There are 2 protein chains.
Amino acid sequence: MKSLGKHLIVELYDCDFDLINDVSQVEKILVEAVAISKATIVQPIFHQFSPHGVSGVVVIAESHFTIHTWPEYGYCALDIFTCGELIDSDASLAYLQKAFKADNFSVMEIKRGVLNLPADRLRHKP
Amino acid sequence: MKSLGKHLIVELYDCDFDLINDVSQVEKILVEAVAISKATIVQPIFHQFSPHGVSGVVVIAESHFTIHTWPEYGYCALDIFTCGELIDSDASLAYLQKAFKADNFSVMEIKRGVLNLPADRLRHKP
């Protein structure tokens, strides 16, 4: 079943409090994850909340990576939405789970843009 | 079942080509949708692709709105990820479907951060 995009909905549990509460660490790790996937960064945004928590978005030419962290619960909500056959989002996910020291995680994979078109007409954005 | 966040995964079909190919229109509509939900904007990013297509992200204090458009297919991949009881993401979605003139759409609602904690301890970021 062909689609325009592949969206990983990831729940990371039991992560390291200090890591996921540090906006500079979260940015460094998420940007490295994008590089591992071989996606092209358009623009990143990272924001530190008070008293704790970080939100980060990296817009990529092939859609986006987002993360929202709740250090007080050791939890991160991670989304990896990519288009095209050349992006290795699974490698990014493996890196992120390890980098944030998530002892447990769950993943759902959703196909986005399953259109009623011949497969050879489904192209991602250049 | 209590959770930290509510994530609407939305597929908008048969949208207006010119609207979803115009970065300034897409930005105006998505920012208005955020206002309708009563979420608080942290930072927006919008990007026009060549030859067509727009990506937009609005980081909000309560997580994010994202959109990726494929005008050539009349298709938009929309995500509305919000936290807290006070945000009306359903009203945003109704507005977006109408604003982009989507003749058809589908929605999945996913609870994010369903943690093994008493419900009164589950708080969203301030």
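Colleague: Which are the buried residues of helix H3 (residues 89-99) of chain A?

Modeller: A quick word on the ground rules. This is a predicted model, where local features need pLDDT of at least 70, side-chain atom pairs count only at pLDDT 80 or more, and totals for chains, interfaces and linings use all residues. Residues are numbered from 1 along each chain as its sequence is written, chains are lettered from A and ligands numbered from 1 in the order in which they are written, and side-chain values use heavy atoms, with hydrogens and water left out. Helices (H or I, at least four residues) and strands (E, at least two) are DSSP runs, numbered from the N terminus. Buried means under 20% relative accessible area, exposed over 50%, and partly exposed in between (1.4 Å probe, protein chains only). In H3(A), the buried residues are Ser89(A), Ser92(A), Leu93(A), Leu96(A) and Ala99(A). Seen down the axis of H3(A), they fall within an arc of 135 degrees (taken from the directions from the helix axis to the C-beta atoms), so they line one face of the helix.

Colleague: What do the buried residues of H3(A) pack against?

Modeller: Contact means heavy atoms within 4.5 Å. By that test, the partners in chain A include strand S1 (5-13), helix H2 (23-37), strand S4 (63-70) and S5. Just after the helix, Lys101(A) has a positive phi of about 55 degrees.

Colleague: Where does Thr82(A) lie, and is it buried or exposed?

Modeller: Thr82(A) belongs to strand S5 (residues 75-83) of chain A, and its relative accessible area of 3% makes it buried. Beyond residues up to four places away in sequence, Thr82(A) touches Ser63(A), Ile87(A) and Ser89(A), among others.

Colleague: Which UniProt annotation covers Ser63(A)?

Modeller: An unreviewed UniProt entry carries "modified residue: Pyruvic acid (Ser)" there. UniProt positions are given in the numbering used here, feature names are shortened, and annotations may be inferred rather than shown by experiment. In the model, Ser63(A) is in strand S4 of chain A and is buried, at 0% relative accessibility. Its contacts include Thr82(A) and Cys83(A), as well as His68(B) and Trp70(B).

Colleague: What does the side chain of Gln48(B) reach?

Modeller: A polar contact is a pair of N or O atoms within 3.5 Å; within protein, one must be able to donate a hydrogen and the other to accept it, and residues adjacent in sequence count only if both atoms are side-chain atoms. The Gln48(B) side chain reaches the backbone nitrogen of Val23(B) at 3.1 Å, and one of its polar atoms is 2.9 Å from the backbone oxygen of Asn21(B). Gln48(B) sits in strand S2 (residues 41-48) of chain B and is partly exposed, at 33%.

Colleague: What rotation superposes chain A on chain B?

Modeller: Copies are superposed by least squares on the C-alpha atoms of residues with pLDDT of at least 70 in both. Here a rotation of 180 degrees with 0.0 Å of shift along its axis does it (RMSD 0.0 Å). The two copies are therefore related as by a two-fold rotation axis.
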